[in-house]
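Subject: Structure for your files

Hello,

Here is the structure you will be working with. Please open it alongside this email, as my notes follow below.

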Amino acid sequence: MTPPPGWYRDPSAPHLERWWDGTAWTDHRRAPQAPVPPAPFAPHQAGPGQPTGPGDGSGRARAVALTVAGAVLVGAIGTGAFVLGRDDGGDGGTGGGTRAATAPATGTSAPPVTPPTSAPPSSAPPSADDPAVVVDQLNGITLPLPDGWIRPQEAADPDLVMSTDGTYDCPGDPGLCRHGRVFSRTATSTDATTPKALAESDIATVADEAYDEDRLGRRPFGGLVSHRVVGSGQIAVAGRAGYYVRWRVTTEKGPGGYVQSLAFPSSAGTGAPVLVRFVFDAGPDGPPLSVMDRITRGIRPVGDADTGGGVGSSIGPGS
């Protein structure tokens, strides 16, 4: 029987705790919340380079190795002091004899090592002034800001969190368009109860507002002609189970584009569902879809820089 999912002492770093999902170690780590004994041994078939489980004994072996290394170090310090005392002797300029050692080993042991009580530096909450991320405090997430993208300065849509730099004349109704935009909002007034249902019901709204008729009643691309699904499925977002739907849309004017709706539970407040919407123009001037994937993988909870996600990522604690 394998141990149940939970936080256990990390075999590769005994001063930290690591999340065991019931079958394998995940990448989620944290500073110990309280003294926790090591988990009981649990046989587990490990993959290449994978620890065998919460109780694989590597922590005890590391502790023994550190104890032996400490004893050898103390002995080496004492021996070195004695040898240096003799070598520093000679006649000392006074003629004749050899001086005795003046600094014999005291036999005192090295001070104990105190485990860190705070999270690793990489887990420090990102600053709102950090040029590499955008912080959405309301929904408790941060998003990576790609090169060449900017934070909104004067945007008609309060949910806009980033866009490509520069504008161009929309091919339909007069106005200025941007090649890429990302929005983040709390999902409210919806009957959807799962991330899958929420993303599937939201994607049409994203497509209509981006490429059919905007909130000002304009048709910047002449209207939406058709769409096809190019991707969908479960995905880990900020360590939680989410779902995404991606469409390729065709417009009356211009090259069309790609829209994506990403839904997942928030790690802040009441855990209300969060929607992250992506709007990328198609064609040679539009952002590559790899940027959409990179932003999705880089979404983090505020204050936890190590908990990411992406297609195929295991779902962490709190899912």
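The notes below go through the sheet, the cores, one aspartate, the aromatic pairs and a hairpin.

Please keep in mind that this is a predicted model.

The sheet and the helix across it

Seven strands make up an open, antiparallel sheet, in the order E6-E7-E10-E14-E13-E12-E11. Strand E6 (149–150) and E11 are its edges; each has a single partner strand, so one side of each has no neighbour in the sheet. Within the sheet, E13 (residues 257–265) and E14 (residues 273–281) are joined in the antiparallel sense by 9 bridges, and Phe-264 is found opposite Val-274 of E14. Helix H2 lies across E10 (180–186), E11, E12 (240–251), E13 and E14, and it runs at about 145° to E13.

In soluble globular proteins, nonpolar side chains tend to be buried together. Here the largest nonpolar core has 24 residues, and the members that touch the most others are Met-162, Val-182, Leu-262, Val-276 and Ile-299. At least two residues of this core come from each of E5 (141–144), E7 (160–164), E11, E13, E14 and helix H3 (289–297). E14 gives the largest share, 4 residues.

Leaving aside residues up to four places away in sequence, Met-162 has contacts that include Val-134, Leu-143, Trp-149, Val-182 and Ile-295. There is also a second, separate core of 21 residues, with Leu-160, Leu-198, Ala-199 and Leu-275 among them.

Asp-214

Asp-214 sits in the loop that links helix H2 (195–212) to strand E11 (224–237). Is Asp-214 buried or exposed? Its relative accessible area is 16%, and the limit for buried is under 20%, so Asp-214 counts as buried.

Aromatic pairs

The count of aromatic pairs is 4. One of them is Trp-7 with Trp-19: the ring centres are 5.4 Å apart and the planes stand at 70°, so this pair is edge-to-face. Trp-7 belongs to strand E1 (residues 6–10) and Trp-19 to strand E2 (residues 13–20), so the pair ties together parts 12 residues apart in sequence. Trp-7 is partly exposed, at 23% relative accessibility, while Trp-19 is buried, at 13%.

Another pair, Tyr-211 with Phe-221, is tilted, with 4.9 Å from centre to centre and 55° between the planes. Tyr-211 is in helix H2 and Phe-221 is in the loop between H2 and E11, so this pair ties together parts 10 residues apart in sequence. Tyr-211 and Phe-221 are both buried.

The E4–E5 hairpin

Strand E4 (residues 133–136) pairs with E5 in the antiparallel sense over 4 bridges, and Val-133 has Pro-144 of E5 as its bridge partner. The hairpin has 4 residues between the two strands, and Gly-140 in this hairpin takes a positive phi near 70°. E5 is also joined to strand E15 (residues 300–301), antiparallel, by 2 bridges; there Thr-142 stands opposite Arg-300.

Regards

Conventions. Residues numbered from 1 in each chain as written. Predicted model: local features only at pLDDT ≥ 70, side-chain atom pairs only at ≥ 80, totals over all residues. Heavy atoms only, no water. Buried < 20%, exposed > 50% of the residue type's maximum accessible area, 1.4 Å probe, protein only. Pairing = 2+ DSSP bridges. Contact = heavy atoms within 4.5 Å. Axes fitted to C-alpha atoms, helices over the stretch in contact; angles between N-to-C directions. Core = buried A, V, L, I, M, F, W, Y, C linked by side-chain atoms within 4.5 Å. Phe/Tyr/Trp six-rings, centres within 6.5 Å; stacked < 30°, edge-to-face > 60°.
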